[in-house]
Amino acid sequence: MDGALVARHFLELLAREASAVEFEGPIIEARAAGADPATIEELEQAKVEALRVRELLKRRARREAELSALYDTAGDLAALRDLDAVLEAIVHRARQLLATDVAYMTLHDPERGDTYMRVTDGSISAKFRALRLAMGAGLGGLVAQTAVPYSTADYFADARFRHKNDIDEAVKEEGLVAILGVPLRLGQRVIGVLMAANRSARPFHQEEVSLLASLAAHAAVAIDNARLLQETRNALEELSQAHRIAREHGDAVERGALAHDRMTSLVLRGGGIEDVAAVVTDVLGGSLAVLDDLGRPLTGDVGELDSGVFEAAQASRALGRTVRRGDLLIASVDVGAEPLCTLILRSDDADERILERAALVCALLLLFRRSVAEAEGRVRGELLDDLISRPDSPGLTDQARRLGVDLHAPHVVVVAKHGGQRERAAFWASSQAALRHGLAAGRGDEVVLLLPGENAGRIAQNVAAELSASLHSPATAGAGAAVEGNVAGAYQEARRCAEALIALGRAGDGASAAELGFVGLLVGDGRDVRGFVSRVLGAVIDYDARRGTALADTMAAYFGSGGSPSRTAEAMHIHVNTVTQRLDRIGKLLGDGWLEPDRALEIQLALRLHRLGHTSTP
């Protein structure tokens, strides 16, 4: 066969990238044609040379494809800015370039001193994706420790690296057999390991190791660039946030200063709590309520308040700042550990410092009012002391008139005894006197009030209830009517009534002599026997007068016989059934409990007074 023809034939096979088997064709044809051995030998040599050229061309084509892929990878990585996207792109491209079943990357954890699985591509095992490798443990740990590439065609049969149960279990669960790992290096520092793996035995050639190492070199630079970019972004974000906070703080300070100026100007012009509240709602929006020291609204309304709001107010006083509870902002101010005022703003978002300034302004206003009230209270107290101790001093009536008190009108003197908190009790009494155009004075463990009115018992009960609520402890009030301006006599009677209530075990109650029953006869200056008998027996005496019955006599006989119906019947010469019927009628007229010891004692005293002729039928 012509040598040129043979060469041409093999070149055609190379040109169309024929398979290796097709290169046997010219030799088979020559043997079929009966070619001599020399010709066959020449064809064999030509075939070998052609296959070498074919393999060289194939390797160059593969290398060109790999270089092109690396170039494309470098471009892709350079275009990425997000670190997660960079890592995912690296692992995915590694799996593509080496045509493996799985690719993954571990990164170094400087705090724990090991490496952890960061990104996987093709993995199906959750345990494998959560794997951590200590330095020197497993193939990946060995690469991270030595900074040298390692590969194994059969992981479990390879004894070059230290096997650990948890790592081997995860690798077995993933089904990996052949593994290749190369270090991710930045200078002399290993930041991680890039790995490719197959689920069947496969040797990794040097070209594949070099290819993965080249990709790892690109990846390390890309990772570092992404990290630096992220750090730059974070720094810029922090700078922007700091600038925004500084600007917002400056705006808040300016807004707070303007609000403070407005509130100060209002106070200087004589404005009150309502005016300050209007400024707050104008600046902050929402609805505002201002509460006094007892939690009562001075202005505004934010709806029904639960116990949690008052707990928040207590916390605000303890912390010295605004406390948030839901959509409520609560600022409370105290003086000497005692609450003075509380501001409650219903708003989703408001400047807490403005509310705190408003609370301080309201507190100053209330302190000013308290100081004025205390000064006025001292004047009123001194006048009341004079009316009690020196009633004959000249000019007392005129002094009272200048304070808005008409001593010629009906008045009641109330003596309220309390267990302590003198200043608070005196302040409460002074406030009540000013509101009701009366007088008040503090005397040791009691406060004395001169209040307009005629119903001494009702006034005493009201004073006892309200003062007890203010002090959060029982206050006992006795009252006496200042007949014809006799304040001194009414004071002595009121004091005896208060002491009698305490002696009777009725601390925290209020009463005049009229409400104390027969005890009132002992402590009252008027000795109103007629009124006492009327209150106790009036219904029975009136019934006897209208019907001509003897119910009062029956009661006297009943008590005189020791409560025996039969002896009562004998004493009155009537049938015992008649006694029983009369007792039933008496019970209906006097009400249930008329035979109780205290009540029976009053009834017997009233019967004796009635029979002695100290009163007549009403």
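An open sheet of five strands is arranged in the order S8-S7-S11-S10-S9 with antiparallel pairing, where two strands are taken to pair if DSSP finds at least two bridges between them, and where strands (E, at least two residues) and helices (H or I, at least four) are DSSP runs numbered from the N terminus. The edges are formed by strand S8 (297-299) and strand S9 (323-325), each of which pairs on one side only. Neighbouring strands of this sheet are turned against each other by 30° on average, direction ignored. The model is a predicted one, in which local features need pLDDT of at least 70 and side-chain atom pairs count only at pLDDT 80 or more, whereas totals for chains, interfaces and linings use all residues. Residues are numbered from 1 along each chain as its sequence is written, and side-chain values use heavy atoms, with hydrogens and water left out.

Within this sheet, strand S7 (residues 287-291) and strand S11 (residues 338-346) run antiparallel and are joined by five bridges, with Ser287 standing opposite Arg346 in S11. Helix H10 (residues 307-319) packs on the sheet and touches S7, S9, strand S10 (328-335) and S11, its direction making about 55° with that of S10; contact here means heavy atoms within 4.5 Å, and axes are lines fitted to C-alpha atoms, for helices over the stretch in contact, with angles running from 0 to 180 degrees between N-to-C directions.

Strand S1 (residues 102-109) is mostly covered, seven of its eight residues being buried (under 20% relative accessible area, with a 1.4 Å probe and protein chains only). S1 is joined by six bridges to strand S6 (residues 189-198), the two running antiparallel, and Thr106 stands opposite Val193 in S6. S1 also pairs in the antiparallel sense with strand S2 (residues 114-121) over seven bridges, and the bridge partner of Tyr104 in S2 is Thr120. The hairpin of S1 and S2 has four residues between the strands, and in it Gly113 takes a positive phi near 75°.

Helix H18 (residues 551-560) and helix H19 (residues 565-572) pack with their axes 8 Å apart and at an angle of about 125°, which makes H18 oblique to H19 (angles under 35 degrees count as roughly parallel, over 145 as roughly antiparallel, 65 to 115 as roughly perpendicular and the rest as oblique). The contact is made by Asp553, Thr554, Ala557 and Tyr558 of H18 together with Pro565, Thr568 and Met572 of H19.

Conventions. Buried means under 20% relative accessible area, exposed over 50%, partly exposed in between (1.4 Å probe, protein chains only).
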